Amino acid sequence: MTDEPEKSGLIGQIRDKLIRSKVEWAKEGRLLTGRPDAGRVNRLPPGQKEVKNWPVLDLGIQPHIRPQDWRVEIGGLVEKPLIWTLDEFMAQPQEEFVSDIHCVTQWSRYDNHWRGVPARHIFETVRPLPEARHVLFAARDGYTTNVRRDMFEDSNVLLAHSWEGKPIPREHGGPVRVVIPDWYFWKSPKWVTRIEFSAQDKPGFWEVRGYHNEGDPWKEERYS
Ligand SMILES: Nc1nc2c(c(=O)[nH]1)N[C@H]1C(S)=C(S)[C@@H](COP(=O)(O)O)O[C@H]1N2
Ligand SMILES: [Mo]
């Protein structure tokens, strides 16, 4: 048999190039906005309007956390629970992410550049037990929210300390907030203090006040 036509000549070269660029795209996947169909013509989920500013939403409290006082506790059903100071947190592997924000109050903000510690690294460090199907977050202002483990485990999730190259301002959750871009932003706690892996789900602040337990903007999971 002679060379298979696909492995040589022009067709082969084109195919190699296509495969190589797809492999590159896949590697850079975390830099894409949202899901694999990030280039979707319609980037705006149903019922949303794009804004260029960044609105602030909170419960009327914007805690002022001195860097030396900041702690995050990650525990529950994990093999290695931990508490990080800010220095320890900053010493963890860092990555840049770009994602859209979709707020349940109907604004969306495209292409937010975050820097921080990937959730993936947190999973590798604390090693949640298989029965830990849920994640419960608590924040310094008393806010809580809950997500399924697989949502927090997603490759575009991080604990962010910077936005657009600068420290996240206090009103937006600095020094450190969670960013879970695939869900409405109420699922992304600001001023996070505790991340608990749990076998049981536990609805958070808005979830017990009529918000949906999940929060997929593409399915308009706003209210329950
Ligand atoms: N700790 C804390 N996190 C929070 C909130 C809050 O009140 N407290 N509000 C949530 C809601 S409803 C939204 S829409 C986003 C708003 O984040 P932003 O103010 O940075 O836009 O934060 C979420 N995380
Ligand atoms: Mo919100």
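Ala, Val, Leu, Ile, Met, Phe, Trp, Tyr, Cys and Pro count here as nonpolar, Asp, Glu, Lys and Arg as charged, and the others, Gly among them, as polar. By these classes, the lining of the largest pocket has 16 nonpolar, 3 polar and 4 charged residues.

The model is predicted: local features need pLDDT of at least 70 and side-chain atom pairs count only at pLDDT 80 or more, while totals for chains, interfaces and linings use all residues. Residues are numbered from 1 along each chain as its sequence is written, chains are lettered from A and ligands numbered from 1 in the order in which they are written, and side-chain values use heavy atoms, with hydrogens and water left out.

**Overall make-up**

The protein chain has 4 helices and 11 strands. Helices (H or I, at least four residues) and strands (E, at least two) are DSSP runs, numbered from the N terminus. Of the 224 residues in the chain, 44% are buried. Buried means under 20% relative accessible area, exposed means over 50%, and partly exposed is in between (1.4 Å probe, protein chains only). Contact means heavy atoms within 4.5 Å. Among contacts with a separation of 6 or more, 69% are between residues 24 or more positions apart.

**The largest pocket**

The largest pocket has a volume of about 360 Å³. Of its 23 lining residues, Leu 57, Asp 58, Phe 185, Trp 186 and Lys 190 are the closest to the centre. A pocket is found on a 1 Å grid over the protein atoms alone, as an open set of points where a 1.4 Å probe fits, with protein on both sides within 12 Å along at least five of seven lines; lining residues have an atom within 4 Å of a point. Grid points are joined across faces, edges and corners, and the volume is the space filled by probe spheres set on the points.

**Nonpolar cores**

A nonpolar core is a set of buried Ala, Val, Leu, Ile, Met, Phe, Trp, Tyr and Cys residues joined through side-chain atoms within 4.5 Å. The largest one has 30 residues, of which Ile 74, Phe 137, Phe 152, Ile 195 and Phe 197 touch the most other members. Two or more residues each come from strand S2 (71-76), strand S3 (82-85), helix H2 (86-90), helix H3 (119-126), strand S6 (134-139), helix H4 (149-152) and strand S11 (192-198). H3 gives the largest share, 4 residues. Apart from this core lies another, of 13 residues, including Trp 107, Leu 158, Ala 160 and Trp 163.

The buried residues of H3 are Ala 119, His 121, Ile 122, Phe 123 and Val 126. These residues pack against S2, S3, S5, H4, S8 and S11.

Leaving aside neighbours within four places in sequence, Ser 198 is in contact with Leu 77, Glu 131, Ala 132, Arg 133, His 134 and Leu 136.

**Aromatic pairs**

The structure holds 15 aromatic pairs. Rings of Phe, Tyr and Trp (its six-membered ring) pair if their centres lie within 6.5 Å; planes under 30 degrees apart count as stacked, over 60 as edge-to-face and the rest as tilted. Two of the pairs are listed here.

| Pair | Class | Centre to centre | Between the planes |
|---|---|---|---|
| Trp 114 and Phe 185 | tilted | 6.5 Å | 40 degrees |
| Phe 123 and Phe 197 | edge-to-face | 5.3 Å | 85 degrees |

Trp 114, in strand S5 (residues 107-118), and Phe 185, in the loop between S10 and S11, are 71 residues apart. Both Trp 114 and Phe 185 are buried. Phe 123 in helix H3 and Phe 197 in strand S11 are 74 residues apart, and both are buried. One aromatic cluster is formed by Tyr 143, Tyr 184, Trp 186, Phe 205, Trp 206, Tyr 211 and Tyr 223.

**Backbone details in loops**

Arg 127 follows H3 and has a positive phi, near 50 degrees. This residue is found in the loop between H3 and S6, and Arg 127 counts as partly exposed because its relative accessibility is 34%. Glu 164 also has a positive phi near 50 degrees, in a residue other than glycine. Glu 164 lies in the loop between strand S8 (158-163) and S9, and is partly exposed at 32% relative accessibility.

The peptide bond from Gly 174 to Pro 175 is cis, with omega near 10 degrees. Pro 175 is placed in the loop between strand S9 (166-167) and strand S10 (177-179).
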